[in-house]
Amino acid sequence: MYTMFLLSVGERIAPGLHDLDAAGRRRVAAIVERAVAARPPRVRRQLSAFLHLLRWLPAARYGRPFDRLRGAQQDAVLRWFHDSPLAPFRHGFWGVKTLIFMGYYGRPEAAAEIGYRPARAGAPPFHAR
Amino acid sequence: MRDKQVDIAIIGSGAGGGTVAKALSPLCRDGVSVAVLESGPRLKEEEYTGRELEMAERLYFDGGGVLTRDRSVTLAFGHAYGGSTVVYTGTSLPLRESTLRKWNVRGLDFDDLQRRSRKYFAENHVHLLPDECINDNNRLFAGACRTLGYRVEQFPVNVDGCRGSGLCNLGCPNGAKMGTHRVQLPQAERNGVTVVTNCAVDRIDPAARTVRATVRREAIGHPPAWEPGEYRVRARAVIVAAGAVNSPAILLRSGLAGDLKALGRYFTCHPALILVGQHDHPITNFSGHPKSYYSDHFAESEGFLLETCMYFPFVTAKSLAGFGDEPRALMSAMDRLQMILVLALDAALPGNRVTVNGRGEPVVDYRLSEPVRASLVKAMRASARIFFASGARRVHAPAGRTFFVEAGDSDRLDDLIPLEGFKAGKVSVSSAHLMGGCRMGDGPAASVTDAWGGVHGVPWLFVADASLFPGSAEINPYITIMALADRVAERVRGRLPELPQ
């Protein structure tokens, strides 16, 4: 239920997400949902609570929830969580960021896009031995 | 519940369990039955795909994402036929004499440990890779260390037939890494040992001398040696070698904490950072062996080691502090990244410990101490110097005031990478060297086992893995685990005739 919001936050965390087509975004969402589903119920509840906080805490300052802020305002909110004086907020943001990076960089096609092309066959100097 | 009876039950098949299994396997010829109970799968060759998320899920506990209770450190440890030896880089160094002196375990002799370590150098094909097999990522590190006057050494590694695919941490797809899954376990099986994969051990019942375990059917890997179901395994001797998180957890679930005050305590883990520098041009980094050099130049003075490394896209991204365009820019240059792994040599503290929660699951309490945080920040500065001496254009230091430190600012590293920039959660700390929790020592007041891995007061129960370490190994731990496991096997062999059926 929070995947859509998570992906909207993800566009600020991994801007390349914005450029993906619908199929690419579905692949990111599938990876994230699978990872979340594998976590214990307690962790899923904590993630849900943190996303709720991330969505509504900005209303206290900007009068609007996170998803209705301009990009620069969203970045300011995320930066505050990232470097927050409160460790639970930093850890919560780290968890969200990790999920987004897992979804975005965990796509098999992401590797080639960023110049990472390992080969099972390995490297020529090893073959000569 | 099905019943099984064996003479020796070994829980875990990694560097400890695999070594014990092989060392005890000649007893099978005399009719001694030995079973290894391994929680992970035994993958088929074609299931080593090299795909990051897929292999992490297959070969690591919780996909490599086990968090400490306060979420400040991610713990990565394997579960597979061969345990973590399937997913390490094969680095094989013996324990230093100075470290053994710090451990101060009466009856644990340096010469004995050296002799046994050498045995596993030979058995697991440990050697130095020739110069032509060293890639740019490693060569640049070694050259820069020499330029800067930092002591640097080549890692001996246990590979045979390495193709340089660079995928060691995802399980070698070419079967070249000589972990226990390639050497000790197959030999043990040839001698008659049964290895039961997909077999999770819940607890040991000390009164009945039985191990409670559940064998699962999994969609991947070879089918387990025993039918899926719940088992009660009666054994004359039980050897716990499930790693520094799960070994203490099994003993805690087994109700042994009452007599053993140190059980679960003094957990250490070499808290680590993955650091990156970006070059202007592509370098060879993801092909070739990823970990060929290390520097212990700062080990004594500042408490950290530097090692070469090369990680995969998700793990690399996760290691960056920050979000948005800057990480994207860095990540889009994977073929131009130089990487260093920093390991803090953390002290063994009683408050850093493994416990079990109400559901019996292990929980790791670990606090990043001030000395560790200071070490890691100093290591970021040292690594930045190495990156710049290697010719990097810019560097990412997670505690830095800015996402990038540019080469032109390399004379201001102390200012640009301040101690106060290190905040848990902001800086992504991980660990793959999990140690302690069943520490060796003189008696039950301050330790869990004796110098031979025998649990105090329980003559049939032994521990044979990194949980034995009374303190940090201060170097990659696998050969030391194997050397200690060899001692444990010797003790079990000697004691077995005294143990009742």
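Between chain A and chain B there are 4 salt bridges, a salt bridge being a side-chain nitrogen of Lys or Arg within 4 Å of a carboxyl oxygen of Asp or Glu. This is a predicted model, in which local features need pLDDT of at least 70 and side-chain atom pairs count only at pLDDT 80 or more, while totals for chains, interfaces and linings use all residues. Residues are numbered from 1 along each chain as its sequence is written, chains are lettered from A and ligands numbered from 1 in the order in which they are written, and side-chain values use heavy atoms, with hydrogens and water left out.

- D83(A) forms a salt bridge with K426(B), with the closest N and O atoms 3.6 Å apart.
- On the side of chain A that touches chain B, α1 (3–13), α2 (16–19), α3 (22–38), α4 (41–62), α5, α6 (87–105) and α8 (124–127) each supply at least two residues, and the largest share, 9 residues, comes from α6(A); helices (H or I, at least four residues) and strands (E, at least two) are DSSP runs, numbered from the N terminus.
- In total, 41 residues of chain A are in contact (heavy atoms within 4.5 Å) with 52 residues of chain B.
- The area buried between the two chains, meaning the accessible area (1.4 Å probe) that two parts lose on being put together, summed over both, is about 4100 Å², of which carbon and sulfur atoms give 58%.

**Surface of chain A**

- W80(A), found in helix α5 (residues 71–82), is partly exposed because its relative accessible area is 40%, where buried means under 20%, exposed over 50%, and partly exposed in between (1.4 Å probe, protein chains only).

**Buried residues of chain B**

- H396(B), in strand β16 (residues 394–396), is buried, with a relative accessible area of 3%, and a polar atom of its side chain lies 3.0 Å from the backbone nitrogen of A321(B).
- Leaving aside neighbours within four places in sequence, H396(B) is in contact with L275(B), V276(B), L320(B), A321(B), L330(B) and F403(B).
- T449(B), in the loop between β18 (429–431) and β19 (461–463), is buried, with a relative accessible area of 0%.
- With neighbours within four places in sequence again left aside, the residues in contact with T449(B) include C438(B), R439(B), M440(B), H456(B) and L468(B).

Key:
Polar contact = N/O pair within 3.5 Å; in protein donor to acceptor, adjacent residues only side chain to side chain.
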